[in-house]
Amino acid sequence: MHNPHQTTPQPPSSFMLPTATLKDPKTTLSIVLATSLFSLVLFLALSSSPLGPSPPPPPKPDPFLFPARQTHQIDFDGNGHADPPPPPSIAYLISGSSGDMGRIIRLLSATYHPRNRYLLHLDRFASQAERDRLAINVQSVPIFKAARNVDVIGKADFVYPKGSSSLSFTLHGASMLLRLASNWDWFISLNAGDYPLVTQDDLLHILSYLPKGLNFVSHSSYIGWRESKKLKPIIVDPGLYLSEKTAMFYASQKRELPNAYRIFTGSSFAILSRDFVEFCILGTDNLPRTLLMYFSNTPSALSNYFPTILCNSHQFKRTIINHSLRYANFDKPSKEEARRVISDDFDAMIQSGAAFAAKFPLNDPLLDRIDREILSRGRGDVVPGGWCLGEYRNNTCSVWGDADVLRPGTGAKRLEKLIVELLSNSSSASNRCMFE
């Protein structure tokens with residue numbers, strides 16, 4: 001770091017050259033070369049020498065949350081079990097648009113756990129003032145400051161849901177999370193209309209018993225109506241090249257489907273393993289970049305990109321589970337977007353065993369019911385877990401302890417039932433990435 005109060009040595013402003021040497025070209029060339037070499041050596045010496053004190057290392061998380069030990073405890077319905085599998089960590093990318101700051105904070109609180117990593121994003125349709133308020137809001141929550149696991153993207157991206165800018169943003173967020181933390185195991189991208197149906201203690205408990213290479217992605221090779229409406233049309237997403245909101249541009253021409261690989265469709269929501277995320281962003285296999293180029297001018301790129309990579313990769317096609325663990329209600333099978341959930345969906349939504357649900361309107365009373373009956377979350381609070389040591393229903397998480405202590409509840413049993421069905425269903429296992 002540069003210190004403005006420290007005087008930096010300056011190189012000599014000029015060299016006194018004898019007049020006679022300027023008449024001799026060889027001598028002149030020698031002096032010029034010597035001068036250049038001296039300047040280079042002086043520059044390297046100055047650049048390698050410290051110009052100020054080194055920046056202090058970033059503060060570490062609260063040691064009460066992460067004591068140095070190799071084992072942890074899971075408290076299931078009050079009964080401790082020694083030496084269970086180590087709990088995993090999830091990297092969450094939570095995004096919204098103009099007016100969504102409150103929804104992002106609520107979603108962060110509903111999915112929060114000190115072991116996880118969170119990256120928050122308000123797109124460029126939101127004002128910079130909204131992003132600043134979001135960052136200030138995050139800094140004002142004691143547990144977020146203590147765990148140091150919540151970050152806000154300052155330089156926002158445009159995100160058009162129907163274009164490829166949503167895919168570009170998702171890859172951008174995933175790459176940032178790879179750099180921010182090296183210890184997370186799964187990546188989940190949520191938008192402001194999503195909400196959890198289980199606590200993080202429930203989710204982490206169940207995931208701790210699963211191979212960390214699994215990818216939960218709804219997918220199908222059946223194209224059907226999507227061929228003419230979602231794959232053959234050529235579009236230009238203005239979020240990739242314009243700095244203001246503009247309508248999507250559709251070309252009059254259409255293109256044929258590729259034959260170098262097979263297209264798979266799916267959902268824009270997925271739970272992806274860290275290994276697969278690294279393969280897409282850092283891997284030496286060119287398949288992810290090839291498909292990124294292909295889908296860059298295709299509608300609904302995000303819902304097709306990850307399923308197509310997984311099912312065309314020999315390395316990952318056996319790691320995919322044909323379910324995204326998210327509840328979504330489609331009025332018709334041909335509908336691309338899920339309809340909004342309503343109060344009549346509550347029982348079916350909970351009994352589905354899904355970990356998340358979409359899509360909730362702003363200030364939906366159904367969210368309050370989920371907070372009250374499923375998550376035991378008070379207004380403005382994070383969801384209590386095994387790491388919370390305060391009095392029950394009295395700002396429970398204002399006092400915290402070991403983040404490795406999980407306290408799963410009935411949500412874990414519902415999620416366990418769903419995953420056991422997915423893993424034991426022979427037709428599901430044999431039809432992974434099958435051509436239909």
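The lining of the largest cavity consists of 6 nonpolar, 3 polar and no charged residues (Ala, Val, Leu, Ile, Met, Phe, Trp, Tyr, Cys and Pro count as nonpolar, Asp, Glu, Lys and Arg as charged, and the others, Gly among them, as polar). The model is predicted: local features need pLDDT of at least 70, side-chain atom pairs count only at pLDDT 80 or more, and totals for chains, interfaces and linings use all residues. Residues are numbered from 1 along each chain as its sequence is written, and side-chain values use heavy atoms, with hydrogens and water left out.

To view this lining, select T170, F187, S189, S268, F269, A270, L272, L302 and F306. The space inside is about 50 Å³. A cavity is a set of points, on a 1 Å grid over the protein atoms alone, where a 1.4 Å probe fits but cannot get out; lining residues have an atom within 4 Å of a point. Grid points are joined across faces, edges and corners, and a volume is the space filled by probe spheres set on the points.

Next, select T170, L171, A174, F187, L272, V277, C280, I281 and F306, which line the second largest cavity. Its volume is about 40 Å³, and its lining has 8 nonpolar, 1 polar and no charged residues.

Finally, select the strands β7 (195-196) and β15 (326-327), the edges of an open sheet with the order β7-β16-β15. Strands are DSSP runs (E, at least two residues), numbered from the N terminus; two strands pair if DSSP finds at least two bridges between them. Y195 has A357 in β16 as its bridge partner.

Notes
Helices (H or I, at least four residues) and strands (E, at least two) are DSSP runs, numbered from the N terminus. On a 1 Å grid over the protein atoms alone, a cavity is a set of points where a 1.4 Å probe fits but cannot get out, and a pocket is an open set with protein on both sides within 12 Å along at least five of seven lines; lining residues have an atom within 4 Å of a point.
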